[in-house]
Amino acid sequence: MLGRRAATRRFTYGFGRAEDLAGVFIVLVVAASSVLTAAIAVDRLVNPRPLTQLPAVAAAALVGFAGNEWVARYRIRSGRRIGSAALVADGMHARTDGFTSLAVLLGAGGSALGWRAADPLIGLLITVAILLVLKNTVREVFRRLMDGVDPALVDAAESALRRTPGVAGVGQLRLRWLGHRLRAEVAIAVDGGLTVRQAHQVAVEAEHALLHAVPALTGALVHADPASDPGPDQPDPHAQLAHHGHLLGYQA
């Protein structure tokens with residue numbers, strides 16, 4: 001809900017980063033779950049207690065595993081489709097719950113066979129499983145916080161730009177996530193003999209090519225630089241373009 005708020009003069013990019021904050025919160029919840037699970041398992045090892053209602057425990061474990069795994073697949077698939085790192089992280093959390101339920105079933109089986117330490121030992125294994133899921137979740141959220149994108153998206157964007165009529169070269173290309181949507185910033189080289197209006201039209205066509213080539217992309221800032229054949233004493237315009245794109249930063 002916060003991410004859908006319109007941009008303001010203070011938050012000129014909007015509130016899409018709320019997704020990333022939600023992802024951080026989910027990471028903290030999963031980390032707290034691992035600590036709590038480990039503490040309970042160690043306590044049960046030090047102070048053993050008999051496990052009762054084994055049939056009910058086993059049934060609940062099966063239902064919990066099936067339900068959580070279905071929810072996890074749905075959340076992860078949906079999160080990747082709409083570009084929501086928070087929803088993917090929440091799906092990982094649900095998958096952790098599913099593995100936990102499956103491990104509870106093993107613990108109930110061990111207890112039924114008379115192995116009293118089975119339940120707390122399974123609890124420690126659950127802690128390890130949670131930590132493995134936590135590692136993947138942290139990596140996903142960290143990449144989003146650091147403006148990381150799939151390199152395949154960058155390749156697709158560059159290929160689309162090079163195929164655009166009038167584009168003589170592609171400088172530095174930047175992609176970043178803002179909530180569920182991508183933004184792009186790129187410098188392109190165009191014929192130095194074009195008029196301002198014609199160069200602008202090439203930039204518009206380049207933006208359209210990007211929007212069609214990159215899923216979830218909602219807008220692109222395209223800067224057109226003049227390109228010319230380098231003489232013996234002239235620098236390579238593509239090198240100039242890359243240098244200009246580096247200096248351009250986030251300016252229009």
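I began with the nonpolar patch and saw that helix 4 gives the most to it, with three residues. I noted that this is a predicted model.

**Entry: the patch**
I looked up which residues form it. They are V24, L28, V138, F142, L145 and M146. Together they make a nonpolar surface patch of about 550 Å². I then checked the helices. Helix 1 (18-46) and helix 4 (118-145) each supply at least two of the patch residues.

I picked out V138, which lies in helix 4.

I went through residues with a positive phi. D147 has one of about 60°, although D147 is not a glycine. I located D147 in the loop between helix 4 and helix 5 (151-162). D147 counts as partly exposed because its relative accessibility is 23%.

A216 also turned up. Its phi is positive, about 75°, and A216 is not a glycine. I found A216 in the loop between helix 6 and strand 3. A216 counts as partly exposed because its relative accessibility is 27%.

**Entry: the strands**
I followed strand 3 next. How many bridges join strand 2 to strand 3? I read off ten, between residues 181-191 and residues 217-227. The two strands run parallel.

Last, I traced the path between the strands. Strand 2, helix 6 (residues 196-213) and strand 3 make a β-α-β unit, and I noted that the unit is right-handed.

Definitions and conventions:
Residues are numbered from 1 along each chain as its sequence is written. This is a predicted model: local features need pLDDT of at least 70, side-chain atom pairs count only at pLDDT 80 or more; totals for chains, interfaces and linings use all residues. Side-chain values use heavy atoms; hydrogens and water are left out. Patches are made of residues with over 30% relative accessible area and no salt bridge: like charges are joined within 9 Å, nonpolar side chains (Val, Leu, Ile, Met, Phe, Trp, Tyr) within 5 Å. Accessible areas come from the Shrake-Rupley method with a 1.4 Å probe; for residues, only the protein chains shown count as cover. A salt bridge is a side-chain nitrogen of Lys or Arg within 4 Å of a carboxyl oxygen of Asp or Glu. Helices (H or I, at least four residues) and strands (E, at least two) are DSSP runs, numbered from the N terminus. Two strands pair if DSSP finds at least two bridges between them. A crossover is right-handed if, with the strands pointing away from the viewer, the path from the first strand over the helix to the second runs clockwise. Buried means under 20% relative accessible area, exposed over 50%, partly exposed in between (1.4 Å probe, protein chains only).
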